[in-house]
Amino acid sequence: MVRFENVAKRYGHGPEVLRDLTFRLTPGSFHFLTGPSGAGKTTLLRLMYLAQRPTRGEIEMFGQDIGTTRRDDLPPLRRRIGVVFQDFRLLDHLSALENVALPLRIAGARREQIESHVSELLAWVGLAGQINARPSTLSDGEKQRVAIARAVIGRPNLLLADEPTGNIDLAQGLRILHLFEELNKIGTTVVIATHDRSLIATFGRPELRLANGELTLHQPPPPTQAADDVTLDSDAEHPA
Amino acid sequence: MIPRRTELPLGGEATRRVIPLIVGAMVYLAALALAGTFALERTVQDWSEGLRGALTVQLPGVAQAPEGAEAKARVDTAIALLRETDGVLSAVALPYAEAQALLEPWLGADDLPANLPIPIIIDVSVDTAARIDFEQMSQRLENAVPGSRISDNGIFLRRLVNLARAVQLVGAVVVLIVGIAAVSIVVFATRAGLTSHRDTIELLHLIGARDSYIARRFVMHALGYGLLGGVLGLVLATATLAALALAARGIDATFLPRLSLGLNAWITLLCIPLVSALIAMVTARTTVLRALRRLP
């Protein structure tokens, strides 16, 4: 699904934000990505959703080496990745329905297909009554759910979420995490970047911890089936 | 129902009002320059048709007896010489009364001195395909009738045509400059759109939109203001041409360019809005695709 081999990222002439990251994510896995602010969580996610290229190293997504993939062949790969951005990134001039429909429109889906799928999904995230609402009229929790619906409408193989509970209360955060679990159950690989220790404790999923540009794997206290989902080649403390 | 709202609301205040006006002004200038060029082309053709193959021979007039035997002898000698020259189709002397009439605007009908040696004029038409040695013809005429002179209308025609072609070149340069200015305006408007919608464009890119998908939004927008500006400019240019044609009516000046345009010219002018829209679309697409290449 995802393979990083000695990947490093540097911005301009600055120091390396990420250093020699080597790991693999198997299909259907669920991980939290943690680390202090500035540790490089967002950079790692951006590399995974193909918003950036690494300074060095090799990234393989869905079996394709990104370094050798032609630029014109990247959009189909991006459509297999759903992203929930920290700041939602909803388009204010579009309704909730239109925002969620965006990936399908881009993929060239038929109008009828879009309408039925989007309405169904908005009902699933509890926004059936808000489909025509503009983002500016929605609460942060509702915006987050619209963003999640947009991320999963294309049935992505990989779902990446950057601090999805950062702007909402605990109850809503739990609800969103349950949505992610539902998606994971139907085969979507999930990576959630978060600071929220209580959520990590509640859900008991393996944790990819970033510190000083390096990645380590931490299993949750009670061993779960998900522990086998990741191979972290450079992790001496927690070998796979 | 999902409304067909675009992801990129490009019709901001600046592009909705200002850009069509600027494109309209460009099209207006280009249409007038083109119309002038076309009108001149017709005039040049008219001049060519009217003057090509014609020349004038002037013989010295005979004072006191302008229609006497001496004058007649000069005319007969010159005409005989002209007619035996290869390529000369006809040679006809202008009657004395008509030559006199030509001077009337300057000297008056009654005050013409009797002893004024009015030149004898012979209108000669020549085969334009024939290669006539005018130097030799002039020399032979001079020998036969001393003081005779050939006025080659071709020299005058060539000067006129050269002048007209220079004016047409200026018209073409104006159209070119206007085209470059229009392209610059579209590039500016497109870049402004790219900058103000940078976040949206990045989002579309990240959720899998191809460059062509994003560029299409800009292209459709450019089509809108290109067509609108084009039609606006053409309507104004047509009104201006109509007003000029109206003002020129009744002016009897043979050598002034006619302001009427042929069918081909009108078809070309009517195509200007389409051309302006096409230029706007191609420019917008190129600008957007070039900018998007910077994204990973």
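This is a predicted model: local features need pLDDT of at least 70, side-chain atom pairs count only at pLDDT 80 or more; totals for chains, interfaces and linings use all residues.
## Confidence

Chain A has a mean pLDDT of 86, with 92% of its residues at 70 or more.

Two stretches of chain A stay under 50. Over residues 223-228 of chain A, where pLDDT is under 50, the model has seven contacts beyond four places in sequence. Residues 234-240 of chain A also stay under 50, and for them the model has 12 such contacts beyond four places in sequence.

## The six-stranded sheet

Chain A contains an open sheet of six strands with mixed pairing, in the order E6-E7-E8-E3-E9-E10. Strand E6 (81-84) and strand E10 (214-218) of chain A are its edges, each pairing on one side only. On average, neighbouring strands of the sheet are turned by 20° against each other, direction ignored.

Val84(A) has Ala161(A) in E7(A) as its bridge partner. Helix H5 (residues 140-152) of chain A lies across E6 and E7 of chain A and runs at about 170° to E6(A).

## The contact between chains A and B

Chain A gives 23 residues to the contact and chain B gives 14 residues. On the side of chain A that touches chain B, at least two residues each come from helix H2 (74-78), helix H3 (96-107) and helix H4 (111-124) of chain A. H3(A) supplies the largest share of that side, seven residues.

By class, the side of chain A that touches chain B consists of 14 nonpolar, seven charged and two polar residues.

Key:
Residues are numbered from 1 along each chain as its sequence is written. Chains are lettered from A and ligands numbered from 1 in the order in which they are written. Helices (H or I, at least four residues) and strands (E, at least two) are DSSP runs, numbered from the N terminus. Ala, Val, Leu, Ile, Met, Phe, Trp, Tyr, Cys and Pro count as nonpolar, Asp, Glu, Lys and Arg as charged, and the others, Gly among them, as polar. pLDDT is the predictor's confidence in each residue, from 0 to 100. Two strands pair if DSSP finds at least two bridges between them. Axes are lines fitted to C-alpha atoms, for helices over the stretch in contact, and angles run from 0 to 180 degrees between N-to-C directions.
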